[in-house]
Amino acid sequence: MIWFMIAGMCLVTFVPRVIPLVLGRNLVLPRWIRRWLSFFPYAALGSLIFPGILTVVDSRPWIGLAAGGCAALLALKSRNAIFPVLAAIAVTVGLQLATGT
Amino acid sequence: MRGVRAGLPVAVGYVPMAMAFGVLATQTGLSFFQAGAMSLFVYAGASQFASLGLLAGGASALAIVLATLVLNFRHFLMSIVLSRRLPLRHGRDHAAKAAPFVLGFGITDETFVVASLEDLLSIRFFLGLIVTVYLAWLSGTLIGAGFSSLIPAIIARGMGVALYAMFIAILIPGVKKSWVNGLVAVAGGLLAWGASAALPALPSGWRIVIAILAASALGAVIGSGDETAAEREEAA
């Protein structure tokens with residue numbers, strides 16, 4: 001049962017991810033759709049950040065917000081993503097230690 | 001390799017999530033190999049967690065497979081965007097034929113946003129990115145399934161924030177380029193939030209689909225936003 005489930009899940013996650021790439025540029029799209037598509041990354045980013053960031057530490061949503069704010073400030077200064085990431089980890093661990101677990 | 005380096009922040013975020021999956025999977029009754037096979041072959045975080053919840057609730061394999069299809073429809077949208085950005089060759093050789101299948105398997109929410117915001121996306125960059133991230137997901141799962149709760153919760157949560165910090169770090173340069181990009185991102189977040197509040201039963205994958213479609217439509221109506229992406233498409 002579990003192995004059947006894993007095989008089925010493998011199929012239904014693989015096919016939608018691959019079809020557009022197999023069709024590639026043979027797929028001709030009108031200009032308005034291309035314009036719409038160009039915003040997908042930003043819309044995806046927004047919906048992935050929020051509200052998920054509130055649940056980093058379940059009982060204290062503000063810790064995720066503080067870490068995110070810190071990451072945003074650092075990202076304004078540097079183009080390398082690793083500094084905001086390390087700072088956010090430090091803030092999250094630090095704030096948990098400071099306020100008790 | 002630049003793709004590997006771009007994948008490192010994602011990898012840092014994936015390890016604790018994958019470990020949590022490994023721990024939960026063994027608690028739900030999957031064997032070490034079944035948990036590993038999930039990450040090896042299915043490789044879809046949200047769906048993997050959802051399947052455990054459904055299994056615990058006594059759902060059938062068919063119901064779980066259908067739920068997975070629904071949850072992962074967003075990757076179809078993401079793959080459409082990447083199919084227009086990745087310089088795939090139309091060769092008769094094995095490498096050209098296998099490329100869409102290998103690269104497509106590597107599409108996740110995280111690899112999509114990192115790759116789609118790369119100015120000149122190359123196959124090498126994407127391959128480096130997805131291999132790094134995939135290995136992190138797989139090894140995290142095996143560690144979690146093999147040695148439950150080896151890492152203290154406080155550190156795991158600290159690492160869990162990495163994905164969000166990375167999303168923010170790649171969002172900021174886009175917002176600097178055009179305020180419309182920022183507006184679309186804020187609209188996406190609010191829509192996802194609103195959808196989860198209004199329809200709590202809606203699977204998280206569909207929240208993201210709704211947010212992507214609606215917020216991007218808003219951006220397309222208001223302004224040109226990422227002009228460089230549009231120009232690249234014109235040139236191609």
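Domain bounds, as I use them here, come from an automatic or database domain assignment. I keep in mind throughout that this is a predicted model.

**Entry 1: the domains of chain B**

I looked up the assignment for chain B and found domain 1, covering 2-161, and domain 2, covering 178-236. I then took the distance between the C-alpha centres of domain 1 and domain 2 of chain B, which comes to 22 Å. In the contact between them, domain 1 of chain B takes part with eleven residues and domain 2 of chain B with nine residues.

**Entry 2: chain A against chain B**

Next I turned to the contact between the chains, where I find 62 residues from chain A and 85 residues from chain B. The side of chain A that touches chain B receives at least two residues from each of α1 (2-23), α2 (31-37), α3 (40-49), α4 (61-77) and α5 (82-99) of chain A, with α1(A) giving the most, 17 residues. By class, I record 45 nonpolar, twelve polar and five charged residues on this side of chain A.

**Entry 3: the largest nonpolar core**

I looked up the largest nonpolar core, which has 107 residues, and asked which members touch the most others: they are Ala43(A) together with Ala162(B), Ala165(B), Met166(B), Phe167(B), Ile168(B) and Ala169(B). Helix α1 of chain B, residues 2-28, gives the most to this core, with 13 residues, and both domain 1 and domain 2 of chain B supply at least three residues each.

**Entry 4: Ala136(B)**

Is Ala136(B) buried or exposed? I count Ala136(B) as buried because 20 other C-beta atoms lie within 10 Å, and the cut-off for buried is 20 or more. I place Ala136(B) in helix α8 of chain B, residues 123-146. Not counting residues up to four places away in sequence, Ala136(B) touches Ala11(B), Tyr14(B) and Val15(B). I also looked up the pair Ala136(B) and Asp109(B), which are 27 residues apart in sequence and, C-alpha to C-alpha, 15 Å apart in space.

Note on methods:
Residues are numbered from 1 along each chain as its sequence is written. Chains are lettered from A and ligands numbered from 1 in the order in which they are written. This is a predicted model: local features need pLDDT of at least 70, side-chain atom pairs count only at pLDDT 80 or more; totals for chains, interfaces and linings use all residues. Two residues are in contact if their C-beta atoms, placed from the backbone, lie within 7 Å. Helices (H or I, at least four residues) and strands (E, at least two) are DSSP runs, numbered from the N terminus. Ala, Val, Leu, Ile, Met, Phe, Trp, Tyr, Cys and Pro count as nonpolar, Asp, Glu, Lys and Arg as charged, and the others, Gly among them, as polar. A nonpolar core is a set of buried Ala, Val, Leu, Ile, Met, Phe, Trp, Tyr and Cys residues joined through C-beta atoms within 7 Å. A residue is buried if 20 or more other C-beta atoms lie within 10 Å of its own, exposed if 12 or fewer, and partly exposed in between; C-beta atoms are placed from the backbone.
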